[in-house]
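Here is a short briefing on one protein model.

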Amino acid sequence: MDLSAIDLNHVPAHIAAVMDGNGRWAQARGLKRTDGHSAGEEALLDAVHGALELGVEWLTVYAFSTENWRRPTDEVKFLMGFNESLLVRRRDELNELGVRIRFIGRRDWRVPKRLIRRMNESTELTKNNTKLTLTIAFNYGGRAELVDAVRALNDQGKAITESNIEANLYDPEAPEVDLFVRTSGESRTSNFMLWQAAYAELVFIETFWPDFRRQHMADAVAEFQRRERRFGGLNG
Ligand code: IPE
Ligand code: IPE
Ligand code: MG
């Protein structure tokens, strides 16, 4: 990975990635859409290596949105089984790399029990790792997350304040998103990290997710470092 354009002392603390374009990647090759999801596994592992080499400590990836239930049953079913088997295939490797695996999203009745079991096992196995927190957003929606947070505050009789909402997000420990990357040429957030990405730098790249490699992450970080973040104030 070419890191020459990067200041390793100022990498984003938290990168969020929308892993998009699996279906189009497959269709362009005359394959089934689900083959594109399978090919995305290698890209995810390479992205993890990229984050580790860059010294990025939080990486959150969008694996299944609250809106993805609208897809054909066969594809949804495939994605449930695929994500479950991916955890079984990869958790030891991720554990050895020092990756702490977490999940965000609604664990409602539509998410298979077997998958939830694998999620819990993966989190438990890797909970003491400190190099990188890889958060997998599954059955995740930014709107649902905010509704859940506000409902929790309501149930606890607490005031609706920014800090109270933050404390009731799915992972209150996760820092704000600094860099938001989406592959496949689409320039939208699709309900990902609505709260956390309020001041994120957005980087949209043309590459389909299965072709994403650690160098793309390095390039996105280089782009991030060229931006001027103002957070509503004035710089210099
Ligand atoms: C992203 O790839 C993976 C999921 C949404 C689960 P897509 O499946 O959205 O691929 P395209 O966007 O149709 O090419
Ligand atoms: C966002 O991609 C969700 C994931 C990558 C998991 P989509 O492909 O579902 O988003 P839209 O439909 O193009 O907005
Ligand atoms: Mg898509």
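This is a predicted model: local features need pLDDT of at least 70, side-chain atom pairs count only at pLDDT 80 or more; totals for chains, interfaces and linings use all residues.

**Conventions**
- Residues are numbered from 1 along each chain as its sequence is written, and chains are lettered from A and ligands numbered from 1 in the order in which they are written.
- Local features need pLDDT of at least 70, side-chain atom pairs count only at pLDDT 80 or more, and totals for chains, interfaces and linings use all residues, while side-chain values use heavy atoms, with hydrogens and water left out.

**Overall packing**
- The C-alpha atoms fill a box of roughly 50 × 50 × 35 Å along the principal axes.
- Of the 236 residues, 49% count as buried (buried is under 20% relative accessible area, exposed over 50%, partly exposed in between; 1.4 Å probe, protein chains only).
- Among contacts (heavy atoms within 4.5 Å) between residues at least 6 apart in sequence, 77% join residues at least 24 apart.

**A buried strand residue**
- Thr135 sits in strand E4 (residues 132-140).
- Thr135 is buried, at 3% relative accessible area.
- Leaving out residues up to four places away in sequence, Thr135 touches Leu59, Thr60, Val61, Arg102, Phe103 and Ile104.

**Salt bridges**
- The count is 28 salt bridges, each a side-chain nitrogen of Lys or Arg within 4 Å of a carboxyl oxygen of Asp or Glu.
- Glu53 pairs with Arg214, with the closest N and O atoms 2.5 Å apart.
- This pair links distant parts of the chain: Glu53 is in helix H2 (residues 33-54), Arg214 in helix H7 (residues 214-226), 161 residues apart.
- Glu53 is partly exposed at 37%, and Arg214 is partly exposed at 23%.
- Glu223 bridges to Arg226 at 3.0 Å between the closest N and O atoms; they are three residues apart in helix H7, so about one helical turn separates them.
- Arg227 also forms a salt bridge with Glu223, at 2.7 Å between the closest N and O atoms.
- Asp20, Arg24, Arg182, Glu186 and Arg188 are linked in a network of salt bridges.

Definitions and conventions: Helices (H or I, at least four residues) and strands (E, at least two) are DSSP runs, numbered from the N terminus.
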